[in-house]
Structure formats: C-alpha cells, structure tokens
Amino acid sequence: MTFKMATGCDRGLCRRGVGRQDKQLNTYDWLADVPGNAESTDLVEVQFKNTRKGYYHNVNRLDLKKGDIVAVEANPGHDIGVVTLTGQLVKLQIKKANLKSADDIRRIYRIAKPVDMDKYYEAKSREHGTMIQSRQIAKDLGLQMKIGDVEYQGDGNKAIFYYIADERVDFRQLIKVLADTFHVRIEMKQIGARQEAGRIGGTGPCGRELCCATWMKNFVSVSTNAARFQDISLNPQKLAGMCAKLKCCLNYEVDDYIEAGKKMPPRDVVLQTADSDYYQFKVDILMGLITYSTDKGIAANTETITAERARQIIEMNQRGEKPLSLLDDGAVREADRPVDLLEGESITRFDKNKKKKKKRTPGKPGSTGNASTAGNANTANNTNAASNAGNNGNTGTPNKTGAPSKPNNKQGKTGNANNNGNANNNNGNANKQPRPKRKRPQDE
C-alpha cells in the first residue's frame, strides 16, 4: 500500500481551496480537503462582477478549482466568471439562493482562453463610460432613479444596468435610448440600498468588513423593536449602517434578549422594604442583574440584585411582608467607605527633584595663567578685583591644586593665584610688594 503526503494545495489549504479571494461574498470551502468532494456533484458556483453569482453544471467534467476563470453559458452568447465553490457545499448554496427551477442552472463551456479574455477586458473597459452617459440620459428623461453600476457580459453582447429607485419607474423609453446609443442588449435590474452597500463594500463601525459584502445574500427587514429589546439608544446616527438603513446586525442577538427578558420582573413593579420603596432604574438582561433606586428619576441609594431575588421580594410584598433590605440575606448594607484615590501615594510625587550640583574636579598641577583647569571660570570677571587687590598689596593665599584662592579675612581682599605663583599678574601689578603687618598690642 502506497501513501501520498498531501501538502499545500493538495489539501485545499491554498488560495484555490479555502483561501481569501479578491471579490465580495467569499465562501470558505471547509470540505475542500475531503477526498472525492469535487467529484460528488457536477454543480459549480461561479461569481461575476461584485456580488452576482450563478450556478452551473460541469457537463464536460473539467478539473475545476477555486480561482479558475471559466466561460459559461449566457443568453445570448457566453459570459466570463471565476469559480468560487465546488462540491457538496454548492447544493447548500443553491437552497439558500432559492433556485427552484432546474432551468436556471446552465452549463460551463470551457476554461477561458486568451481570446475570451481579450474580449472580456475590452468589454470591461467600456463600463465606466457607459454608466456616466446613462446617468445623463436618465436625467434628461426626467426619471427619478439612480444608475449605480453597469456590468457588461463577457462577450460584450449584453449590459446589465443596476439602478436604485424609491418608487416605481417607467423606463421603457430609457431602454430604447440606451439600446440605440450603446448597440447592446439592455437588462435593467433594481437593487436596494443594502445590495448597493454590499456591491461597493467597505468597513463597518465594528471595524470588520461589511456583512453584506462578505457572506450575507438574503436580507430581512430590521425594525426599531430590535433596538428596544436590547436597550440600545434610539439614535438614528448610531443605528444606521453604511447603507443609511438600520444595521442588519441588530437582528443577530435579538432572540437571546427576548428569551432573557422573559425571566425579568415587570419594569413598573415597586419593591417595598422596611426602610423604603425601590423603583427599577437599570437592567442588565444578559447578566440577569437589576439596579433599583429609591427615586424614580435619579440614581439614589441604588441596590443591584438578581432577577430571582427581585421575584422573591415581589412574592413577599404580595403576602404583605417587607424584607429588611434588597440583599439576599435580608441584612442592612454597610455604609460604603469613601474611596481615597491618593491612598498609598506620596504627596511629593509631583514635586520636581532638586538638581544636584556638579562637583568641580581639581585642576592639574603646574598650570599657569589666571584660570586653572579646575574651574577658575570667574577669573576674567574678577580681573579688576585682582588688580585692585594688587594695588592695595593684598594677596590671596596660593592654591596648590589650581582651585580658586581663599580670601584673607584680615585684609578683606582676595587675589587670583595659580600653581606657578602668578598671583598678581593682572594689569601689570605683579611687582608691587605687600605692606608689612601692623603689630598687635600684645605683641609689643
């Protein structure tokens, strides 16, 4: 017995199997790596421009995978599309699309040839110009409609005009004018605002790609009751989607909210306790919690209890009994301790740290001049002071390390001396001799 190691596209894990495609309504083929899935049926799903899809029979038994470009039967001529799904899942998609007649399912001719692709690209290059010109024609005829997009068939023999209109529009004259202008077969197809949003695509407020552009094909009506059941604010700007209609996702969880809401007590019931009466203030339906307040309008002395506890109190009130409080044990709740936001914090945490003074390093011995390496930075500023000190005969004590000289407290004057003894070298006053010290009385 021989075994085959399946890797990459053999297991359907590549772009053709279950990967992402460059069109809307991408289908995840989670049966792509099942042996014999593609041979189980000859039905194939083919996608055309934007969200238009069709289902065809693979009568020629072509080896088709996701991403193959094929030429399919059309009326008239043929069309070019991309294979998006094969196998058992196509049957489920047909049921979802409500294709009841077998005549709607046509056949696949062949894999597209270079000649087919040349005609296809030539037809697609005419779509934008046709759409702009058709809008002007509809405006000239005074029709209350908007032509949103134009799609040419793969062989260029037919054009589909997608339009949006709030009311019924008589476009018989428009079809005649369009046929004479573009010389193709005209097909008008009306779409809604949601279909147009899915055709254009985009990102919703949730941060994900629009549901109508990824997986949703059948649209159901959405009412404001879905927002009321979920306690959502009835703000039109928040409830509306990219199509300016109510968001389709409002219907996703409404059934769960309806089931959970049945377990909640009525809103208008007043809970009576020994100390006060409580009114319903806020409800968390999914969590099953209810917040009651002693005031109808504002949150005063609020208590949050479960729905089961609320029903117990309602039964007690019907028997004429009043519990001590809304709590489960019937005890009075202790007063809430005020929250200290600065607890455990230092009161000086915002004070600026004092800048540490930089220590002056001593200068190298043997340096000359009025300024030493250690930082005689003020020597230039003290030139006049040193000169006066020299004139008066007052000299400072020589500094052996090059630091500024210490002042002579007895004389009150300082001079600048460096390691070489140049104490009074400023302004030519170095040759003057200091005056002799006066003798103290006790010395005499």
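Author: Two strands are said to pair if DSSP finds at least two bridges between them. The strands themselves (E, at least two residues), like helices (H or I, at least four), are DSSP runs numbered from the N terminus. The model is predicted, so local features need pLDDT of at least 70 and side-chain atom pairs count only at pLDDT 80 or more, while totals for chains, interfaces and linings use all residues. Residues are numbered from 1 along each chain as its sequence is written, and side-chain values use heavy atoms, leaving out hydrogens and water.

Reader: How do you know that strand E1 pairs with E2?

Author: Five bridges join E1 (residues 43–47) to E2, and the two run antiparallel. Gln47 stands opposite Lys53 in E2. In the hairpin of E1 and E2, five residues lie between the strands, and Asn50 there takes a positive phi near 60°.

Reader: What makes E2 and strand E5 a pair?

Author: Two bridges link E2 and E5 (residues 106–111) in the parallel sense, and the definition asks for at least two. His57 stands opposite Arg107 in E5.

Reader: Why is strand E2 called largely enclosed?

Author: Buried means under 20% relative accessible area, exposed over 50%, and partly exposed in between, with a 1.4 Å probe and protein chains only. Four of the five residues of E2 (residues 53–57) are buried, so the rest of the structure largely encloses this strand.

Reader: What makes E6 and E8 edge strands?

Author: The open sheet of three strands has the order E6-E7-E8, with mixed pairing. Strands E6 (146–152) and E8 (185–190) each have a single partner strand, so one side of each is left without a neighbour in the sheet.
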